Amino acid sequence: MAAAGATSGTLAADLARAVPATAVRRRRPDWNARVTHMLLLAAVLVLAFPLYYAFVISTQSLAEVSSLPPRLLPSSSILDNYAEAWQRAKMGRMLVNSGVMALGIALGKISISLLSAFAIVYFNFRGKQLVFWMIFVTLMLPIPVRIVSTYQVIADLGWVDTYWGLTVPLMASATGTFLFRQFFQTIPDSMAEAAQLDGAGPLRFLWSFLLPLSKANMAALFVILFVYGWNEYLWPLLVTNRPEMRTAVIGIEALVPRSGSQLPEWNIIMAAAMMVLLPPVAVILFMQRWFVKGLIETEK
Amino acid sequence: MKRSVFPNRWLPYLLVAPQLVITIVFFFWPAIDSLRLSLYRASPFGDRMIFVGAGNFQRLFADPAYLRSALTTFLFSFLVTFIGLALALLLAALANAKIRGLVVYRSLLLLPYGIAPAIAGIIWLFIFHPSYGILPYLLSFVTAYQFNWFLKGWVALTLIIVAAIWKQFGYNLAFYLAGLQGIPSSVLEAASVDGAGPIRRFFAVTFPLLSPVTFFLFILNMTFSFFETFGLVHSVTQGGPGDATSIMVYKAWKDGFEGLQLGLSAAQSVVLMAIVIGLTAFQFRYAEKKVTY
């Protein structure tokens, strides 16, 4: 997601065109549409199978999981498995940590990039070009290109094993800034002029005019950033050591058996995996419209 | 440029301050520090750093394990991107009738986007599991070969490639489907009238017209497989067996945090930095030119 640039000029238009379901209906023969339905349905089923299989495993007892041939129907151990996974992985605490991290990063990034986009579009100030350039360059500095040194900074700040460490360093956002900047530029100048005539200062204008107008963009950005924050792996691995500060995505790794002496309790692992993947998937499902908008807008 | 600007001297600086502070403290400073650190090596007792110039880089590029890791990374990224895009394009092209309900399919296809690579990896790990997994079970009817990724490097590599492709597939397909909807059917009909068959129509009309989508997805998938698959490797194969799946980001992390070779890890970060800059430059150099209609 990081370094995708100005490649999709037509893509937004394409997707927008594709959106209305009522579009189309051509003189193509009907069987063509049927083949298409079949193919897409097949694709969805193939894609869904691993998820279904993981869910099925999470409902089986250990004996059922390790029996051959593999059983492909849900069984009755679902409650036991989820309770066991919840307890053993300290899932409650880890899900809270993940929630704090995902929400913190999403809300932080949105606020910070909204403010900088506002400054860049609505003010003339010395060094504006430099600021813009600096924000752009962060696209080229993902975590892997500064692993050891970033950890050093976090350690020097005393932020290891803290929520500050998990969230604040990831709050800078070129993508968000560019998104809001682009959006602000489409707002007619007359609006700011009218606000000024009415005696509204810049912050009043931001709060009462720009903010309400930006709701759709904020929601779109929120879905993308929540998913990003929830699923981030390398960062929480770097800045947390204590088990109670680990996030769910990295905590689950501890359940995977690494040696022959551990019981291969795949039903428990899959139950944990289900709990970890549910929140971001639910956010995508419930905010579907914003999610698609976010995908298009942030990749520009 | 806006005509109506708020006249205020200090407010804009205040507004960009949070962004800039984070950018400098957590992006620029560590990046510069990585560059510096890549020129040093810890003393035998770890109490001070010794300047070694390009020594770390010389060591890296003379180290077969590092070169193998680079090769693995490029192979992995190339296969994930190429197979992923080819499959998505093929399916999209076959499924190109204008139909109702495309929005529903798109929603379903995009769901795996929300699943962390690490979780995707753990699910596929079980599907590939040598004793209980459904895939080796099914394959056992076809061949006696033991698809044991615990032991065989190429099976482990296949496992993470499949998991990565799976995670990206719906996303790629959704963008190709949208791109196809944007191609005017008059163009295809014209080609048809000129006597072009379906395959020729695809290569002469559809594929070139989709080149912006392909380019965009290419960059996106390369970036993904290079930089966002750390969790996949860490949670599933841990770089193994041997170092068969030790991709560059994983190796940089491991050498730094488990091997405590800070200089060597920083040097690997610098190499990765060069790769990101290269990818970005490539993207901006060719974004407008090569891929227009």
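Start by selecting B:Asn172, which touches B:Gly84, B:Leu85, B:Ala88, B:Leu217 and B:Asn221, leaving aside residues up to four places away in sequence (contact means heavy atoms within 4.5 Å). You'll find B:Asn172 in helix 7 (residues 153-181) of chain B; helices are DSSP runs of H or I, at least four residues, numbered from the N terminus. B:Asn172 is buried, at 0% relative accessibility (buried is under 20% relative accessible area, exposed over 50%, partly exposed in between, with a 1.4 Å probe and protein chains only).

A quick note before moving on: this is a predicted model, where local features need pLDDT of at least 70, side-chain atom pairs count only at pLDDT 80 or more, and totals for chains, interfaces and linings use all residues. Residues are numbered from 1 along each chain as its sequence is written, chains are lettered from A and ligands numbered from 1 in the order written, and side-chain values use heavy atoms, without hydrogens and water.

Next, pick B:Asp243 and B:Arg68, a salt bridge with its closest N and O atoms 2.9 Å apart (a side-chain nitrogen of Lys or Arg within 4 Å of a carboxyl oxygen of Asp or Glu). This pair links distant parts of the chain, 175 residues apart.

Now hop to A:Arg88 and A:Glu84, another salt bridge, at 2.8 Å from N to O. They sit four residues apart in helix 4 (residues 78-88) of chain A, so about one helical turn separates them.

Last stop: show both chains. The contact takes 126 residues from chain A and 110 residues from chain B, with zero salt bridges across it.

Methods
Helix = DSSP H or I, 4+ residues; strand = E, 2+ residues; numbered from the N terminus.
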